[in-house]
Amino acid sequence: MSEVTRRTFLQYLAVSAGLLALSRLRPPLLGAAPALGARGTLHVLSEKEANILRAVIKRMMRGDETTLPPVGETAAVETVDWVLAFADDVQRTQFRWLLRVFEWSPPWMLWRLQRFTALDANGQDRLLQAWERSRMGWARLGFRALKNLSALGYYSQEATWAAIGYRGPWVPRPPKSPRLVTVS
């Protein structure tokens with residue numbers, strides 16, 4: 001398996017950021033886009049799936065870091081859920097299945113009879129590494145999807161910007177709730 005270089009990571013991040021930007025553009029005839037979720041507002045994921053994703057984001061993006069805000073105090077999960085609202089039904093279904101399979105994978109990936117969310121931090125890290133280094137291509141692809149969406153959801157939060165040295169976007173922000181444009 002090849003190592004993820006800084007360049008590759010930045011490419012993944014750029015693609016994810018580009019998809020987020022594109023998802024905000026909606027033709028007027030399609031109606032208004034769902035509002036970017038505030039904490040607790042879910043459009044696609046169930047509460048159980050959101051809890052799995054929250055645990056994944058915590059281990060992938062924050063780990064034991066103390067200078068970054070806790071994942072639970074951000075809208076990272078809701079941001080990923082909001083992005084998923086723009087995906088087609090097949091992609092949404094695949095991501096939801098990925099979360100479920102990941103949650104129940106410790107018995108066959110680590111030989112531990114626990115779910116991912118029930119593992120301690122070390123066990124969660126070991127499971128993530130097992131998926132990242134798996135001989136099964138679909139598991140590595142699933143890991144990349146989780147990693148990209150975790151980075152998109154977490155580092156798009158303003159609360160994380162100061163800790164990583166990001167001063168904010170160069171372009172003006174879009175309005176919080178898009179206005180519905182009527183076509184006559």
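Visitor: In this predicted model, what span should the 16 residues of helix 2 have at 1.5 Å a residue, and how far apart are its end C-alpha atoms?
Guide: Helix 2 covers residues 47-62. The expected span is 1.5 Å times one less than the number of residues, so the 16 residues should span 22 Å. The end C-alpha atoms agree with that value, being 21 Å apart.

Visitor: What covers the buried residues of helix 2?
Guide: The buried residues of helix 2 include Glu49, Ile52, Leu53, Ile57 and Arg62. Their cover includes helix 3 (76-84), helix 4 (89-103), helix 6 (121-132) and helix 7 (137-155).

Visitor: Leaving aside neighbours within four places in sequence, which residues is Leu127 in contact with?
Guide: Outside its sequence neighbours within four places, the contacts of Leu127 are Phe102, Ser105, Pro106, Met109, Leu110, Phe116 and Leu119.

Visitor: How are helix 6 and helix 7 oriented to each other?
Guide: Their axes come within 7 Å and cross at roughly 120°. On the helix 6 side the contact is made by Leu128, Trp131 and Glu132, and on the helix 7 side by Trp138, Ala139, Arg140 and Phe143. Angles of 65 to 115 degrees would count as roughly perpendicular and those over 145 as roughly antiparallel. Helix 6 and helix 7 are therefore oblique.

Visitor: What is the reach of helix 7 from its first C-alpha to its last?
Guide: Helix 7 has 19 residues. Its buried residues include Ala139, Gly142, Phe143, Leu146 and Tyr154.

Visitor: Is Glu103 buried or exposed, and with which side chain does its own side chain make a polar contact?
Guide: Glu103 is found in helix 4. Its relative accessible area is 3%, and the cut-off for buried is under 20%, so Glu103 is buried. Not counting residues up to four places away in sequence, Glu103 touches Ile52, Arg115, Phe116 and Thr117. The polar contact, at 2.7 Å, is with the side chain of Thr117.

Visitor: How far apart in space are Arg100 and Ile52, C-alpha to C-alpha?
Guide: Arg100 is found in helix 4 and is partly exposed, with a relative accessible area of 32%. Ile52 is one of the buried residues of helix 2. In sequence Arg100 and Ile52 are 48 residues apart; in space, C-alpha to C-alpha, the separation is 8.1 Å.

Visitor: What is the relative accessibility of Thr160?
Guide: Thr160 lies in helix 8 (residues 158-164). Not counting residues up to four places away in sequence, Thr160 touches Leu68, Pro69, Tyr154 and Tyr155. Thr160 counts as buried because its relative accessibility is 0%.

Visitor: What value is phi of Trp111 near?
Guide: Trp111 is found in the loop between helix 5 (106-109) and helix 6, and is exposed, with a relative accessible area of 76%. Most residues other than glycine have a negative phi. Phi of Trp111 is positive, near 60°.

Terms used. Residues are numbered from 1 along each chain as its sequence is written. This is a predicted model: local features need pLDDT of at least 70, side-chain atom pairs count only at pLDDT 80 or more; totals for chains, interfaces and linings use all residues. Side-chain values use heavy atoms; hydrogens and water are left out. Helices (H or I, at least four residues) and strands (E, at least two) are DSSP runs, numbered from the N terminus. Buried means under 20% relative accessible area, exposed over 50%, partly exposed in between (1.4 Å probe, protein chains only). Contact means heavy atoms within 4.5 Å. A polar contact is a pair of N or O atoms within 3.5 Å; within protein, one must be able to donate a hydrogen and the other to accept it, and residues adjacent in sequence count only if both atoms are side-chain atoms. Axes are lines fitted to C-alpha atoms, for helices over the stretch in contact, and angles run from 0 to 180 degrees between N-to-C directions. Angles under 35 degrees count as roughly parallel, over 145 as roughly antiparallel, 65 to 115 as roughly perpendicular and the rest as oblique.
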